[in-house]
Amino acid sequence: MDLSALLLFSVICAVSAQAPVVFVEPKAATVRQGETVSFRCQVRSSVQPVNLEWTRANNQALADNIKVGPEGSVLTVSNARPLNQGQYRCVAVSSAGRGAASAVLNVKHPPKLRLTPAGPLLVRVGDAVSVQCRATGRPRPKLTWRRQGSTLQLFTTDTDDVNTIQWPAIRSEDLGVYVCQAENSEGVSEAKIEVIVEEEPGAPVASVTPEEITAVEGQTVSMECRARGSPPPLITWSKLRAPLPWKSKDENGVLTLESVGRQDSGQYICNATNVHGYSEAYAQMEVETPPYATCLPDQVKLQAGDPLHLQCLAHGSHPIQFTWSRVGRAGLPAAAQTTKDGKLLIPNVKPGLSGTYKCVASNHIGSSEALANVHVKA
Ligand SMILES: *[C@@H]1O[C@H](CO)[C@@H](O)[C@H](O)[C@H]1NC(C)=O
């Protein structure tokens, strides 16, 4: 062999002595948790022997539920777990070099949640509070927060696998149980946290709503006393200079008075008490009533020439207007004088003025009438 022939031979050898070429089938697989999947590694190599090895892309050891089959060509994941998810590489090594290919395994699984911090969460009024809800699960779960027993929208922020509920400054009415829910095609899971809001220890501060009440006789009236303070104040109701009406009910700071009457008008006092002190708040109630009218006198006997004096009296809410008329006649006699406070005067009666005189007393709630019989002897 001459030198040129030897050179050519070496070139052919170098060309045919290539590193192994590797294919993996399938390149990607998605299975449910608990299912089994296999990846096959195929090698083309001009040089034997070829040594096959499966590794994880992150160089971790293969989990114990993963077996490698005859001569390393088949990787089988049985009873797949979320942790098996990731990239697997098949590496082929021969004296001519090495080749590799990889496959990706996705393991679908129902969501799992973790709350940070975990509950129960003890905070003070005004604190900035946030709770992170972190989910694992494939496909990526949808995360939502809600308040137990409420459909109100909550303030949350969503980033990747974390949904955070936030209160810039928590209020005492924010206390309650909050639920984070994660959902994907494989299932739903929930985690709860109880938020307990502590008030600053302090003396009560009471307030009553409404502070002024106008009611009509017969109505039912409620007034509510609320008191801040810690420990929670005890609320008691009383009435200024009088006992509470006997039909009153006191429940959770709400005083209810049934079928109120004029005598129930007055000032009602809420007294909130705890170990640090007490606080009083007031409500003023006026009960309005329709007029109740009477004539004084209601029977009169006069001689012609006498003066006639009639007084219409009424109780009920002011202002009260009085109107006199004569029953069965178009108007009062020309000589009649009336006053705003319900008086009727005829200075000099004649027999023709005998008859029934009517007073109507009215206010903005109603009216009432009263009659007086007048008899004038000739
Ligand atoms: C409210 O309670 C305090 C403490 O018990 C008491 O001293 C005060 O007299 C009460 N006020 C009224 C209006 O009852």
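**Exercise 1. The ligand shell**

Task: Find which strand supplies the largest share of the shell around the ligand, then describe that shell.

Solution: 
- Step 1. S22 gives the largest share, with three residues. The model is a predicted one.
- Step 2. Place the strands. S22 covers 266-274, and strand S23 covers 277-288. Each supplies at least two residues of the shell.
- Step 3. List the shell. Ser238, Ile269, Asn271, Thr273, Tyr278 and Glu280 surround the ligand.
- Step 4. Sort by class. The shell has two nonpolar, three polar and one charged residues.

**Exercise 2. Domains and their contact**

Task: State how the chain is divided into domains, and how many residues of domain 1 are in contact with domain 2.

Solution: 
- Step 1. Read the bounds. The domain assignment gives domain 1 (19-109), domain 2 (117-198), domain 3 (202-288) and domain 4 (292-377).
- Step 2. Take the spacing. The C-alpha centres of domain 1 and domain 2 are 40 Å apart.
- Step 3. Count the contacts. Five residues of domain 1 meet five residues of domain 2.
- Step 4. Class the domain 1 side. Two nonpolar, two polar and one charged residues touch domain 2.
- Step 5. The unreviewed UniProt entry annotates "domain: Ig-like" at residues 20-106, 111-196, 204-288 and 291-377.
- Step 6. Check two of these spans. Residues 204-288 are 0% helix and 66% strand, with end C-alpha atoms 33 Å apart. Residues 291-377 are 0% helix and 56% strand, with end C-alpha atoms 34 Å apart.

**Exercise 3. An antiparallel sheet**

Task: Give the strand order of the open sheet that contains S1 and S5, and explain why one side of each of these strands is left without a neighbour in the sheet.

Solution: 
- Step 1. Write the order. Four strands run S1-S3-S6-S5, with antiparallel pairing.
- Step 2. Look at the edges. S1 (21-25) and S5 (66-68) each have a single partner strand, so one side of each lacks a neighbour in the sheet.
- Step 3. From one strand to the next, it averages 15°.
- Step 4. Trace one pairing. Five bridges join S1 to S3 (residues 37-44). In S3, Arg40 is the bridge partner of Glu25.

**Exercise 4. Backbone exceptions**

Task: Locate the cis peptide bond between Ser230 and Pro231, the one between Leu296 and Pro297, and the residue with a positive phi although it is not a glycine.

Solution: 
- Step 1. Recall the background. Most residues other than glycine have a negative phi, and most peptide bonds are trans.
- Step 2. Take Ser230 and Pro231. Omega of their cis bond is about 0°. Pro231 sits in the loop between S18 (221-230) and S19 (234-239).
- Step 3. Take Leu296 and Pro297. Omega of their cis bond is about -10°. Pro297 lies in the loop between S24 (292-296) and S25 (299-303).
- Step 4. Turn to phi. Asn79 has a positive value of about 50°. The loop between S6 (74-77) and S7 (86-94) holds Asn79.

Technical notes
Residues numbered from 1 in each chain as written. Predicted model: local features only at pLDDT ≥ 70, side-chain atom pairs only at ≥ 80, totals over all residues. Pairing = 2+ DSSP bridges. Axes fitted to C-alpha atoms, helices over the stretch in contact; angles between N-to-C directions. Domains from an automatic or database assignment. Contact = placed C-beta atoms within 7 Å. Nonpolar A, V, L, I, M, F, W, Y, C, P; charged D, E, K, R; others polar. Near = placed C-beta within 6 Å. UniProt positions renumbered as here; feature names shortened; annotations may be inferred.
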